[in-house]
Every structure is written in structure tokens, then in C-alpha cells.
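Hi everyone, thanks for coming. Please have a look at it first.

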Amino acid sequence: MRPLTLYRRPDMIAQYRKQFNASFSEEKYRKLILALQKGYTKIPFRVAETPVFIPASLKEQLVAAGEDIINLIKGPDFIASTQNAIPVQWNVPGENSHPHFLTFDFGVCKDEQGKLTPKLIEMQGFPSLYGFQAVLGKAYKSTFKLPENLTPYFGGMDEGEYIDLLKKVIVGPNQPHEVALMDLDAPNQKTAIDFFMTQALLGIKILSLTDIFKEGNELFYREGEQKIRLRRIYNRLIFDEIAGQIGLFKESFDPRAELDIEWITHPNWFYRISKYTMPFLKSRFVPETIFLNTLKSTPPDLENYVLKPLFSFAGMGVIIDVKASDIHGIPDPENWILQKKVAYEPVVQAPDGGVKVEIRLMYLWPEGEAPRLCINLARLSRGKMIGVRYNQDFDWVGGTIGLMEQ
């Protein structure tokens with residue numbers, strides 16, 4: 001094991017970090033991965049060696065930052081102002097009044113006083129690893145014998161309450177076999193382990209798009225010789241990712257048709273709550289963001305900006321080192337945003353130095369109730385960007401979870 005490097009950084013609950021690093025071993029890390037995979041499948045993405053210990057002051061700011069965004073989403077003008085976010089070819093009928101899931105990604109930065117503060121990076125009205133994160137938090141605590149007072153949950157929630165709320169949102173009044181988690185090729189997706197864990201928690205079906213067929217305006221799947229009607233689809237399918245495979249709809253069903261099905265969450269919210277939303281946000285936790293087609297003049301300090309396509313995922317297409325020629329060369333500026341760069345602070349102390357961190361707040365929004373901040377996801381990075389493809393040659397990076405004192 002490498003020696004611990006000591007240096008001064010803003011505090012991420014130093015006592016837990018010191019204890020964790022001192023007792024860390026590669027053997028414990030291997031046990032963590034084996035415990036997560038047992039009974040499920042091999043994890044194709046990198047799980048980090050460590051959780052993140054989130055101090056109370058940062059937690060309070062994260063909660064406040066999330067509330068700023070939710071206030072915008074719940075505002076009377078939000079639907080009208082985001083109507084153009086939905087591509088015409090992917091507009092699905094039957095949209096409900098709000099998404100069932102909200103996820104907000106914040107980079108952990110340092111303010112002018114040297115204190116930790118979150119800055120918004122991305123947002124989605126789409127589910128994330130809601131099953132996996134619950135299991136991951138428990139696995140870290142068990143494998144590394146972490147204190148019982150540490151929790152990945154917000155607002156006094158515990159694991160049982162979280163699973164009950166997850167079931168309420170996804171299954172609702174239906175029988176679990178009437179609800180399907182759907183993706184293009186669900187069992188072979190990169191996040192399939194989350195699918196399997198969600199199934200274990202809730203009892204719902206996991207179906208690929210082509211496992212489902214339509215009769216009239218109703219959807220069904222087969223279980224042996226039995227035909228079973230679906231009442232709800234827990235949607236994990238990103239339509240833009242199948243743009244060249246629309247022929248699959250002929251083998252199954254077209255999600256854009258008028259269907260007697262309840263979407264959890266409705267596909268339109270994937271577009272409404274996205275990078276498209278960021279220019280409308282005015283908050284100390286949100287970097288300056290502008291639609292490229294409304295840019296009146298090119299900023300003289302382009303090195304402090306990043307250029308992002310509105311409709312891309314996992315960092316694809318993002319231009320970090322922006323030049324004026326990049327801006328002038330974009331043929332569809334209405335589909336791009338120019339955003340002030342966020343300076344991540346390497347606040348997580350690995351054995352050989354600091355690591356940058358991003359924290360995703362994960363909300364559940366039951367019908368007829370207020371959205372509730374439940375759990376989190378964290379990602380560690382040493383590369384220029386957060387994400388697996390930018391950190392392939394490093395350790396102490398990857399997906400993890402934030403633990404907080406309760």
C-alpha cells in the first residue's frame with residue numbers, strides 16, 4: 001500500500017478520511033466488488049476504492065442548490081419555456097404534470113473564502129442508479145466497517161423508507177409483474193446490474209424493447225405460454241440512442257403511439273430537464289450558461305468556458321478548450337450551450353494526492369406529493385472530465401457514493 005500523502009485541503013470530514021485511508025487494502029476493495037456482483041453480474045464500469053465523506057456544511061448547500069432548481073421546475077412557466085427542448089420526432093403523447101425522477105450533478109468546488117461549494121454540471125428528469133446506489137452504500141459500510149452514523153440518505157430517511165418510496169413511485173397500485181423496467185437490450189446494458197438489483201428490491205420485470213408487443217393500444221409480454229398485460233413501464237430507454245434503429249419498433253411497439261400505458265417517468269421529461277434547462281437557472285450554485293444562438297459576442301476569455309451539445313450523453317461532443325473557430329463553425333447553434341467552466345477542487349484525499357468529485361442528488365417525486373431528495377451518487381476523477389472514458393488509467397476514481405453524518 002502506498003504511503004499517505006498529507007496536504008491541506010478544504011475539509012471533507014478529515015477524521016473519516018484519515019481512518020479509511022489508514023485501514024484501506026486492495027483485499028478489502030476486491031471484497032467490495034465481489035459483494036456487489038454476487039448473485040447479479042459483473043460490473044462493467046469502475047467502482048471507486050472509497051466513498052466520499054460529505055461534511056454538514058456541503059450537504060446543506062447541496063440541499064439548497066437542489067431546491068433552487070426544483071423551484072424553477074415547479075414554476076408556472078416551466079412547461080412553456082421548455083417546449084422546444086423536445087425533438088419533434090421524439091415527442092411522446094400522454095405527458096404527465098411532473099417527472100418521477102430528478103437527478104442533479106454538482107462539481108465540488110472552492111469559493112472565494114476557500115470553503116467547499118457545489119456548482120451544477122448536468123441535470124436530468126430521468127432515472128439513474130436508484131437500485132444500485134442503495135446496495136453500494138450498504139456494501140461500503142459493511143466491507144470497510146464504517147461507523148453506523150454514516151448514511152447515504154437525506155432528510156432522516158433510512159433504507160426501508162427509501163425502498164418503500166421507490167416501490168410507491170415505480171410500482172404504485174399495480175402488481176409487480178404488471179410493471180417492466182424497459183431498455184433496448186436490457187440484460188446487456190452497461191447499467192444492467194442496477195436493473196437486476198431493482199428487480200430484486202421491487203419484484204418487477206426486466207424487458208428489452210423487443211420483448212414487448214402491442215395489441216390495440218395495450219402492451220403485453222409473454223411469460224412462457226401466458227400473455228401478461230403491462231400497466232407501467234419504468235423507462236430506461238434513451239430515444240436518441242436508437243435513432244438509427246427505429247425499425248425495431250415494427251418488431252415491438254412505437255413508444256410515440258397513443259398507448260394505454262403509464263410511463264415512469266414520461267420520456268418527454270428527459271428532454272425538458274436537461275442541459276436545455278440550465279440557461280433558465282439563476283442561482284449562486286449554477287455557472288453562467290447561455291444558448292449559443294443567443295450569444296451576441298464571443299467572450300474574450302474563452303479559456304474559461306466549455307461548449308456543450310444539448311442532446312448528447314456521458315460527455316460526448318463536449319469541447320473543453322474552446323476556440324472562436326469552434327463557435328463559428330457550429331451549424332446548429334440552437335442545439336448548443338456555452339457554459340462557464342467549473343473548477344473542481346481535488347478534495348478527496350487518495351493515498352497519492354487529491355481527487356476531484358462530482359455529487360449527484362437523486363430525487364423521487366410520487367404522484368400528488370412533493371419531490372423528495374433521497375440518496376446520492378458520487379464520481380471521482382483525476383482526468384479533465386468526470387466519467388469512465390476520461391479516467392481509464394487511474395485508480396481511486398469511478399462511481400461511488402457520499403456518506404453523511406446523521
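Predicted model: local features only at pLDDT ≥ 70, side-chain atom pairs only at ≥ 80, totals over all residues.

**A walk through the model**

Let me start at a loop: Thr265 sits between strand β11 (262-264) and helix α9 (268-272).

Now let's step back to the whole protein. In total there are 10 helices and 19 strands. The C-alpha trace spans about 65 × 55 × 40 Å along its principal axes. How does the radius of gyration fit with a compact globule? For 406 residues such a globule would have a value near 22 Å, and the protein has 21 Å, so the two agree. Of the 406 residues, 55% are buried. If you take contacts between residues at least 6 apart in sequence, 75% of them join residues at least 24 apart.

What about the inside? In soluble globular proteins, nonpolar side chains tend to be buried together. Here, the largest nonpolar core has 89 residues, and Val47, Phe104, Phe132, Tyr162 and Ile170 have the most contacts inside it. The element that gives the most to this core is strand β16 (residues 353-364), with seven residues. Another core lies apart from it, with 31 residues, including Val92, Phe126, Ala180 and Ile233.

Let's zoom in on Val47. Which residues does Val47 contact, leaving aside neighbours within four places in sequence? Among them are Tyr29, Leu32, Phe132 and Tyr140, as well as Val397 and Gly399.

Ile13 is not a glycine, yet it has a positive phi of about 50°. You'll find Ile13 in the segment before α1 (14-23). Lys145, also not a glycine, has a positive phi of about 50°, and its place is the loop between α5 (130-143) and β4 (150-151). Are they buried or exposed? Ile13 has 10% relative accessibility, so it counts as buried, whereas Lys145, at 69%, counts as exposed.

Technical notes. Residues numbered from 1 in each chain as written. Heavy atoms only, no water. Core = buried A, V, L, I, M, F, W, Y, C linked by side-chain atoms within 4.5 Å. Buried < 20%, exposed > 50% of the residue type's maximum accessible area, 1.4 Å probe, protein only. Helix = DSSP H or I, 4+ residues; strand = E, 2+ residues; numbered from the N terminus. Contact = heavy atoms within 4.5 Å. Rg over C-alpha atoms; globule rule 2.2 N^0.38 Å.
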